[in-house]
Amino acid sequence: MRKRSFVRQGGYAVVIAVAGLAGVCLAGGRESRPANTLLPPPRPASLPTAAPIPTPAPPAAPVNAESAAVTEGSGCLRILTGVVGNQIRPATPAAKPETEDCRVVDPVVVEALAVRSPSGPAQVRLLPPPTVSCELARAVSLWLDTSLQPLARGAFTRELTALRVGGGHECRRRNRQTQGQLSEHATGRALDIFAFQIGDEKQGGTAVSVERPNGLEQVRFLDAVRQSACGAFMTVLGPGSDAAHANHLHVDIQQRRAASSRFCQ
């Protein structure tokens, strides 16, 4: 008897479940039946048509590091050659390629750099013309125009006309040692200055030697030059720093940990 009662109850439950599902289906059928809705009026022909949606631009191709360096260097050269009075040109590639450690980025030959003077644009020649990186040439150009020329005019009431230089690009180690770190000259980012030519040499001009200044006036001028160089360059070495720099002023743009740090001796 208990078994028959269980079957009846189970059958009753099935009947109720089926009935419930049928109700849901009927209700769903009534809800899914489309209603009578009103459509919006057509768009007037007098209205302007909507602008098409712009197609997104394709992603830019990755920039090659070497091509970026060349572009930057070429921009540097265009800036310098665009200044009236600058005599600067790309350096001729060496017959024998330099090693990676001694390669100059954007090498240039600097014959003269423009400076301002009371009578108009003037030039400061570099004798002999050194081969340096364009980045260093820009630093020297700015230094000559904003610091050296005013210092020469204030000290001697004459214009600075030339720099006696040496040690541009040269693949070697610091202080010409056989071991140790490479010099900034190896990458063309350094310049050695031996003398400053004040006025025209043929018209009684004066050459101020870094190693042997003549008189207090020249000593004070060289002191001021050295202090100004410490602001324009990252490294400045000269007489008194060591034996290797006893006869010239070394300036370079070696990168340091902080952009404001300098090494001046």
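A: A disulfide here is a pair of cysteine sulfur atoms within 2.5 Å. The model is predicted. It holds 3 disulfides. Number the bonded cysteines in sequence order, and the pairing reads 1-3, 2-4, 5-6.

Start with C76 and C134. Their sulfur atoms are 2.1 Å apart. The torsion about this S-S bond is about -95°, so the disulfide is left-handed. C76 sits in helix α2 and C134 in helix α3, so the bond ties together parts that are 58 residues apart in sequence. Both C76 and C134 are buried.

Next come C102 and C171. Here the sulfur atoms are 1.8 Å apart. The torsion is about 60°, so this disulfide is right-handed. C102 lies in the loop between β1 and β2, and C171 in the loop between β5 and β6, so the pair links parts that are 69 residues apart in sequence. Are these two cysteines buried or exposed? C102 has a relative accessible area of 2%, so C102 is buried. C171 stands at 41% and therefore counts as partly exposed.

The last pair is C230 and C264, with sulfur atoms 2.4 Å apart. C230 belongs to helix α4 and C264 to strand β10, so the bond joins parts that are 34 residues apart in sequence. C264 is partly exposed, because its relative accessibility is 32%. C230 is among the buried residues of α4, together with Q218, F221, L222, V225, S228 and A229. What covers these buried residues? The cover includes α3, β6, β7, β8, β9 and β10. Helix α4 itself has 17 residues and reaches 24 Å from its first C-alpha to its last, close to the 24 Å expected at 1.5 Å a residue.

Now look at the nonpolar core. The largest one has 40 residues. L144, L160, L163, L191, F196, F221 and F233 have the most contacts inside it. The elements that each supply at least two residues include α2, α3 and α4. Helix α3 gives the most, with 10 residues.

Leaving aside neighbours within four places in sequence, L163 is in contact with V124, R125, L126, L127, L144, L148, I193, A195 and F196.

Finish in helix α3, where D145 is found. Its relative accessibility is 17%, so D145 counts as buried, the cut-off being under 20%. Beyond residues up to four places away in sequence, D145 touches A114, V115, R116 and P150.

How values were computed
Residues are numbered from 1 along each chain as its sequence is written. This is a predicted model: local features need pLDDT of at least 70, side-chain atom pairs count only at pLDDT 80 or more; totals for chains, interfaces and linings use all residues. Side-chain values use heavy atoms; hydrogens and water are left out. A nonpolar core is a set of buried Ala, Val, Leu, Ile, Met, Phe, Trp, Tyr and Cys residues joined through side-chain atoms within 4.5 Å. Buried means under 20% relative accessible area, exposed over 50%, partly exposed in between (1.4 Å probe, protein chains only). Helices (H or I, at least four residues) and strands (E, at least two) are DSSP runs, numbered from the N terminus. Contact means heavy atoms within 4.5 Å. The expected span of a helix is 1.5 Å times one less than its number of residues.
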